[in-house]
Amino acid sequence: MALLPGHLRAGELAGERHGLSSFGELKYPADFPFFDYVNPEAPKGGRFSTQISQTFGNQSGNTFNTLNPYVLRGDGAGGMNLTFDSLMVRAFDEPDALYGLIARAVAASDDGLTYTFRLRPQARFHDGTRLTARDAAFSLTVLRDKGHPEISQVIRDLSEAVAEGDDTLVVRFRAGRARDLPLIVAQLPIFSAAYWQTRDFEASTLEPPLGSGPYRVARVDTGRSISFERVPDYWAADLPVTVGHNNFDEVRFEYFRDRNVAMEAFKGRAYTFREEFTARVWANGYDFPAVAEGRVQRFTVPDARPSGTQGWWLNTRRPQFRDPKIREAVNLCFDFAWTNKNLMFGAYTRTASFFENSDLKAEGPPAPAEMALLEPLRDRLPAEVFGEPWSPPVSDGSGQDRVLLRRADALLREAGCTRAGSGLRLPDGKPFEIEFLDFDPSLEPHTQAFIRNLGLVGIRAAIRNVDASQYQARVNDFDYDVVSRRFAFGPTPGAELRQSYGSAAAVVKGSANLSGISDPAVDALLDRVADATSRDALRTACRALDRVLRAGRYWVPMWYSGSHRLAVWDVFGRPAKGPTYDLGAPEIWWFDAERARRSGG
């Protein structure tokens, strides 16, 4: 871990610094006035309303029943992160740099196992009480011991967090901790220890917890909407890391169980900011009068982050998916070319890599540095890892590529499957059946086309849509054959990858390891990623990991676009040059009263 370029090296005593990054890459000096990508004169006021589009912890995309998204129980509400501050916050124009919010400075020990955070004395909770190191120590400890597995498993090497006075927090890590663990800890929410002293942290609750952030809960309509109001006397409003941020008086999240209903609500101005994820709707759904009149604006914003891994995840805990030959055969039945042309207006590119749209993606034969990581694992790896990385098959676009389907049939036979009339039986004699579990019907046309091809090789497949709460409960229990999901990682991935691909996470209820990947070779490479000491080393480790994961055929890759498609009612202002690694909405956008007047709102 490095704090500043050229200032902190392994074995040297670290002095107090104003920021953290994985490899010493800090753009801003200690006396910076504000981030380059913000408008420091942005006006305050107005409302920002949207749907939840990215989830963390226990959150669901279309309902909520608790205001604590940081534990396993319940479906967490969107936006609750706005109510809590953290020790440090990200700069959106750097890969992973953090700068002080609650903490004014941080120092690391020689061995990188002890971090001392100096807290700002002015930090306050919304009730006016002081936020101290005791609150921070409580928060880190309770998240490690009782937090959602996506948090607790990532920070399990946090040995202890101790308050040494009101303004000094000492965090100790176990030997061998992941490279980015201090950064993860520094971004966790800080809770009030006094508030939680008389409450069960793991319980579902609709009581707004006491926070310290720029917003607080204003109104809750359970499962339908949640609104947050800007805190007028927010303690950190004038800090360099918050200037130009938190400009809306109200931030509101609307929930809809049906995407068509959500679209109609947007047309009716029930919410004002929409990121469009459906190519068909982007192509044909914006022909209503407000668009023609210019009152709704449409535009795309490039996304420089790795595009993530979207696909159908095959649960290898199920007997029908334990053989990689069978998983390969299932892959061969999805005709992306036909789907992209007929259902998505050719708007997407097929995903091949676990690090698509980035320089972390493996391409061509392994480079010497990759071979150095892979060679010790050769006896655990398929031979293809040492050649070109596996990529999903390119179909002829007919919808039923006979060449690929014949290959699928041959692989199924090699795996010991046998025909029984029009159906297929697994090697144990049971019928080969697959259930695609979902809570949202938007992918049904894509999945049905996939299912038709599975049927041609004898696999009986069907879609089962359940309500969001039941879906989340089944996913938490790994009670499914196939689910679809998109995982997004930043430009500097690290220990968090273990939650999606590590053996330990495969048996932890509620983890993100949907496919149940449990492979010592993958674990070894995950360690290399987490422990990389330079960006070159990280790039090499990710590419090697990418080869091994792709060889496992754990998923049927879907698609990506590499940009954000936005539709907004013309009431917003935003910086002319936005940040590289984040959309910045609503954080650094603002309400433009003149635009709102012209657009009728």
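Does Asn246 count as buried or exposed, and at what relative accessibility? At 16% relative accessibility, Asn246 counts as buried, where buried means under 20% relative accessible area, exposed over 50%, and partly exposed in between (1.4 Å probe, protein chains only).

The views below show a predicted model, in which local features need pLDDT of at least 70 and side-chain atom pairs count only at pLDDT 80 or more, while totals for chains, interfaces and linings use all residues. Residues are numbered from 1 along each chain as its sequence is written, and side-chain values use heavy atoms, with hydrogens and water left out.

**Figure 1. The whole chain.** The chain has 17 helices and 25 strands; helices (H or I, at least four residues) and strands (E, at least two) are DSSP runs, numbered from the N terminus. For 601 residues, a compact globule would have a radius of gyration near 25 Å, and the chain agrees with this at 25 Å. That radius is taken over C-alpha atoms, and the globule rule is 2.2 Å times the number of residues to the power 0.38. Of the 601 residues, 58% count as buried. The average pLDDT, which is the predictor's confidence in each residue from 0 to 100, is 95 for the chain. Over residues 1–14, however, pLDDT stays under 50.

**Figure 2. The surroundings of Asn246.** Asn246 lies in the loop between strand S10 (225–230) and strand S11 (250–254). Leaving aside residues up to four places away in sequence, Asn246 touches Lys44, Pro214, Tyr215, Arg230, Tyr234 and Glu587; a contact means heavy atoms within 4.5 Å.

**Figure 3. The loop that holds Leu113.** Leu113 is found between strand S5 (103–108) and strand S6 (114–119). In sequence, Leu113 and Val171 are 58 residues apart, yet their C-alpha atoms are 8.2 Å apart in space. Beyond four places in sequence, the residues that Leu113 touches include Val171, Phe173 and Arg177.

**Figure 4. Helix H15.** The 12 residues of helix H15 (residues 520–531) should span 16 Å at 1.5 Å a residue, and the end C-alpha atoms are 16 Å apart, which agrees. The expected span is 1.5 Å times one less than the number of residues. Buried residues in H15 are Ala521, Val522, Leu525, Leu526, Val529 and Ala530. They pack against helix H10 (368–374), helix H14 (497–501) and helix H16 (535–551). At the start of H15, a side-chain oxygen of Asp519 comes to within 2.8 Å of the backbone nitrogen of Ala521.

**Figure 5. Helix H12 and the glycine after it.** Among the buried residues of H12 are His446, Phe450 and Asn453. Just after H12, Gly458 takes a positive phi of about 95 degrees.

**Figure 6. Two phenylalanines with positive phi.** Phe345 has a phi near 55 degrees, a positive value in a residue other than glycine. Its loop runs between helix H9 (336–343) and strand S15 (349–350), and Phe345 counts as partly exposed at 44% relative accessibility. Phe478 has a positive phi near 60 degrees and sits in the loop between helix H13 (468–476) and strand S20 (482–487). Phe478 is buried, with a relative accessible area of 10%.

**Figure 7. A cis peptide bond.** The bond from Ala585 to Pro586 is cis, with omega near 5 degrees. Pro586 is in the loop between strand S24 (572–573) and strand S25 (590–591).

Methods. Polar contact = N/O pair within 3.5 Å; in protein donor to acceptor, adjacent residues only side chain to side chain.
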